[in-house]
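This report describes the strand arrangement, aromatic pairs and nonpolar cores of a single protein chain. The coordinates come from a predicted model.

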Amino acid sequence: MSGQGFKLISAKDVLNYISRPDTIFIDLRSRKEFEEGHIGRAFHLPIEQIEAEDYCLVMEYSYILYCNHGGVSMQAATLLAGSKMPVFTLVGGFEEYEIFMRSLVDRKQGKL
């Protein structure tokens, strides 16, 4: 726990959650950025909707929030922290996730 009511996870940790049916990834970036690429089965939910409490999240799931660099997801996680749902935020955001995934591909191809 971060002390704020949510947990921080790393890009490497994403691999432990990506195929879990009880975990939902929420992409807080713009619709355009989401459509250009996102993590697995992520859903697009703009921070503005969370701020306006215009969303429906189910208690039975864990939610991993991410944005470009991590700041917006920290803000959203803080807003959702009192909901009693398991909330995580991806440290470094989608950018860090992409860097990590590229490193895995490079390692597999022998480029590292």
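**Aromatic pairs**

Three aromatic pairs are present in this predicted structure. In one of them, the ring centres of Tyr17 and Phe88 lie 5.3 Å apart with the planes at 50°, so the pair is classed as tilted; the stacked class would require planes under 30 degrees apart, and the edge-to-face class over 60. This pair connects distant parts of the chain, since Tyr17 belongs to helix H1 (residues 11-17) and Phe88 to strand S5, 71 residues apart. Both partners are buried: Tyr17 has a relative accessible area of 17%, and Phe88 has a relative accessibility of 6%.

A further pair is formed by Tyr66 and Phe94, whose ring centres are 5.9 Å apart and whose planes meet at 20°, so this pair is stacked. It too links distant parts of the chain: Tyr66 is in strand S4 (residues 62-66) and Phe94 in helix H5 (residues 93-108), 28 residues apart. Tyr66 counts as buried because its relative accessibility is 0%, and Phe94 is likewise buried, with a relative accessible area of 7%.

| Pair | Centre distance | Plane angle | Class |
|---|---|---|---|
| Tyr17 and Phe88 | 5.3 Å | 50° | tilted |
| Tyr66 and Phe94 | 5.9 Å | 20° | stacked |

**The sheet**

Five strands make up an open sheet with parallel pairing, in the order S1-S5-S4-S2-S3. Its edges are strand S1 (7-9) and strand S3 (43-44), each of which pairs on one side only. S1 and S5 run parallel and are joined by three bridges. Lys7 has Phe88 as its bridge partner in S5; Phe88 is the residue whose ring pairs with that of Tyr17.

**Thr89 in strand S5**

Which strand contains Thr89? The residue lies in strand S5, which spans residues 87-90. Thr89 counts as buried because its relative accessibility is 1%, against a cut-off of under 20%. The side chain of Thr89 makes a polar contact of 2.5 Å with the side chain of Ser73. Leaving aside residues up to four places away in sequence, Thr89 touches Phe6, Lys7, Leu8, Ile9, Leu65, Gly70, Ser73, Met74 and Ala77.

**Nonpolar cores**

The largest nonpolar core comprises 17 residues, and those with the most contacts inside it are Ile26, Leu28, Leu65 and Val87. Two or more residues of this core come from each of strand S2 (23-27), helix H3 (47-51), S4 and helix H4 (71-80). H4 gives the most, with three residues.

Leu28 touches Leu45, Pro46, Ile47, Ile50, Leu65, Tyr66, Cys67, Val72, Ser73 and Ala76, again not counting residues up to four places away in sequence. Among these contacts, Leu65 is itself listed with Leu28 as one of the residues with the most contacts inside the core. Ser73, also touched by Leu28, is the polar partner of Thr89.

Conventions
Residues numbered from 1 in each chain as written. Predicted model: local features only at pLDDT ≥ 70, side-chain atom pairs only at ≥ 80, totals over all residues. Heavy atoms only, no water. Helix = DSSP H or I, 4+ residues; strand = E, 2+ residues; numbered from the N terminus. Buried < 20%, exposed > 50% of the residue type's maximum accessible area, 1.4 Å probe, protein only. Polar contact = N/O pair within 3.5 Å; in protein donor to acceptor, adjacent residues only side chain to side chain. Contact = heavy atoms within 4.5 Å. Phe/Tyr/Trp six-rings, centres within 6.5 Å; stacked < 30°, edge-to-face > 60°. Core = buried A, V, L, I, M, F, W, Y, C linked by side-chain atoms within 4.5 Å. Pairing = 2+ DSSP bridges.
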